[in-house]
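The sequence and structure are shown first.

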Amino acid sequence: MEDEPPSRKAEEGGSSKRSQRQQERQGKLPRRRKEVKRSIRRPDCPEHLSGGSVHWLPEQPGSEASASVEDTAEGCPKRWDRCRRGHFLHGPYPATHFGPKACVLPNPTSVMHIQDPASQRLTWSKPPLNVLVIRKIRDETLLEPFKELCRFLVEEKHLMVYVEKKVVDDGSLLRDDSFSAIRNQLCTFREGFDDISDCIDLIICLGGDGTLLYASSLFQGSVPPVMAFHLGSLGFLTPFKFESFRTEVDKVFEGNAAIILRSRLKVKVVKGIFQRNEQLLSTQENGILPHNHINNEAGKITLQLQVLNEVVVDRGPSSYLSNVDLYLDGRLITSVQGDGVIVSTPTGSTAYAAAAGASMIHPNVPAIMVTPICPHSLSFRPIVVPAGVELMITLSPDARNTAWVSFDGRKRQEIQHGDSIKITTSCFPVPSICCHDLVYDWFDSLAQCLHWNVRKKQTRLTDASDSSETEN
């Protein structure tokens with residue numbers, strides 16, 4: 001039997017490949033690309049801004065979601081980076097293909113996804129069982145609201161309520177015999193000693209904006225939904241009124257509430273990672289940090305935090321200017337000479353950054369703000385960089401004094417030569433429940449708390465003669 005011509009074999013091979021591709025399109029054969037994409041997706045990294053409802057399942061002890069951020073980051077740095085850059089940000093797919101004349105090729109995976117803010121809804125996968133109540137300390141006016149809320153949650157909702165031990169040990173509560181039965185059913189914890197991150201389904205805050213910041217600091221990984229009642233001084237982050245707390249809590253427990261995901265900053269303080277060299281500035285080429293000035297063995301992470309508002313680097317008690325270098329993804333951007341610099345989230349843009357002259361950004365915008373504090377330069381304006389980049393702040397080699405850093409106003413410490421502060425967007429935002437919706441609540445807070453664009457109205461012209469006189 002004679003061998004078939006090579007051309008015929010090639011035709012049969014080509015037809016078989018074409019038929020295989022046709023079957024893949026029709027769904028008869030599994031596509032390898034989809035299998036690869038599923039294999040690299042990380043189950044414990046939520047796709048926070050991927051659209052649709054945000055489902056919350058009460059966490060169970062020992063689950064993967066309760067793993068610490070440090071263990072996750074150190075154990076699989078490549079997957080962590082891919083998760084942070086691939087799933088958290090708005091924007092085109094990383095493998096975007098462009099055709100002739102810079103047009104995007106018709107590939108559904110490479111189309112830019114702009115999410116509708118109204119699509120962010122809270123839906124419970126299971127009814128919440130454990131509720132954390134945070135009350136503003138040293139405020140006697142909050143005792144009665146606190147007792148009313150605890151009675152409602154324990155007696156009517158039959159929930160397990162967690163509170164801080166110092167709140168339960170308050171003298172006014174201890175002297176109230178009518179509250180003793182409820183007090184004995186409360187679960188207490190101490191900050192820094194007890195870990196409650198794996199047993200809380202919902203957080204309710206009574207107080208001002210500081211209570212929400214404190215709630216964020218208690219959860220260095222995934223954060224449960226937060227419902228904040230305005231019982232403080234400013235209340236920019238607390239949209240709910242306590243007068244109708246029963247109705248509002250019932251609505252939240254029924255689910256399908258509007259929710260806003262407030263991004264946080266993942267901050268690392270590294271001690272002694274750089275060798276001090278007086279000639280460092282003269283040896284930096286094109287703004288890239290030379291590798292021979294990095295001492296890998298000396299670098300040690302002394303602090304790792306999740307920050308909701310801002311990281312502030314200032315000159316501390318010194319009378320000299322603060323002189324720090326700012327790097328973005330390893331490249332020197334600028335040197336800040338002034339009273340300091342603020343690196344904030346969009347949520348923090350209405351806090352210290354706004355007082356320093358920065359723009360106010362809606363919390364749903366993925367971004368990081370860099371705002372100088374009283375810079376000794378007429379051209380240093382606040383800037384906004386994409387969420388996901390890594391910022392690094394170090395003392396300049398020729399700085400005359402050290403600097404000080406604080407995180408949401410807490411854990412203040414000194415930064416010396418050789419230390420560095422690494423900042424990037426966290427994969428664990430704070431899900432804040434909205435009273436109305438995430439757009440209306442923000443503009444209402446701007447108007448009510450900051451009196452944004454409040455001005456006396458201009459009177460209208462009385463007749464046409466006034467208009468002509470004004471124009472002349």
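## Basis for strand pairing

Two strands are taken to pair if DSSP finds at least two bridges between them. On this basis, strand β12 (residues 322-328) pairs with strand β17 (residues 391-395) in the antiparallel sense, over five bridges. Within that pair, Asp-325 has Thr-394 of β17 as its bridge partner. The model examined here is predicted.

## The sheet containing β12 and β17

The strands β12 and β17 belong to an open sheet of six strands, ordered β10-β9-β20-β17-β12-β13, in which the pairing is antiparallel. At its edges lie β10 (300-307) and β13 (331-338), each of which pairs on one side only. From one strand to the next, the twist averages 20°.

## The sheet containing β11 and β14

Another open sheet, also described by antiparallel pairing, has six strands in the order β16-β15-β14-β11-β18-β19. Its edge strands are β16 (383-386) and β19 (410-415), and each of them pairs on one side only. The twist from one strand to the next averages 20° in this sheet.

Inside this order, β11 (residues 310-314) and β14 (residues 340-344) are joined in the antiparallel sense by five bridges. Val-312 stands opposite Ile-342 in β14.

Strand β6 (residues 202-207) is mostly covered, with six of its six residues buried. In a regular strand, side chains alternate between the two faces of the sheet. In β6, Leu-202, Ile-204 and Leu-206 point one way, whereas Ile-203, Cys-205 and Gly-207 point the other way, and all are buried.

Parallel pairing links β6 to two strands named here. Strand β3 (residues 130-135) runs parallel to β6 and is joined to it by five bridges; Val-133 stands opposite Ile-204 in β6. Strand β7 (residues 226-230) likewise pairs with β6 in the parallel sense over five bridges, and Val-226 in β7 is the bridge partner of Ile-203. Together, β6, helix α9 (residues 209-218) and β7 make a right-handed β-α-β unit.

## The second largest cavity

Rolling a probe the size of a water molecule over the atoms shows where empty space is left.

By residue type, the lining of the second largest cavity divides into nine nonpolar, three polar and two charged residues. At least two lining residues come from each of β8 (257-262), β21 (430-433) and α13 (438-449). Helix α13 gives the most to this lining, with four residues.

## Gln-448 in helix α13

Helix α13 also contains Gln-448. Is this residue, Gln-448, buried or exposed? Gln-448 counts as exposed because its relative accessibility is 55%, and the cut-off for that class is over 50%. Between Gln-448 and Gly-235 there is a separation of 213 residues in sequence, while their C-alpha atoms are 9.3 Å apart in space.

Technical notes
Residues numbered from 1 in each chain as written. Predicted model: local features only at pLDDT ≥ 70, side-chain atom pairs only at ≥ 80, totals over all residues. Heavy atoms only, no water. Nonpolar A, V, L, I, M, F, W, Y, C, P; charged D, E, K, R; others polar. Buried < 20%, exposed > 50% of the residue type's maximum accessible area, 1.4 Å probe, protein only. Axes fitted to C-alpha atoms, helices over the stretch in contact; angles between N-to-C directions. Right-handed = clockwise from strand over helix to strand, strands pointing away.
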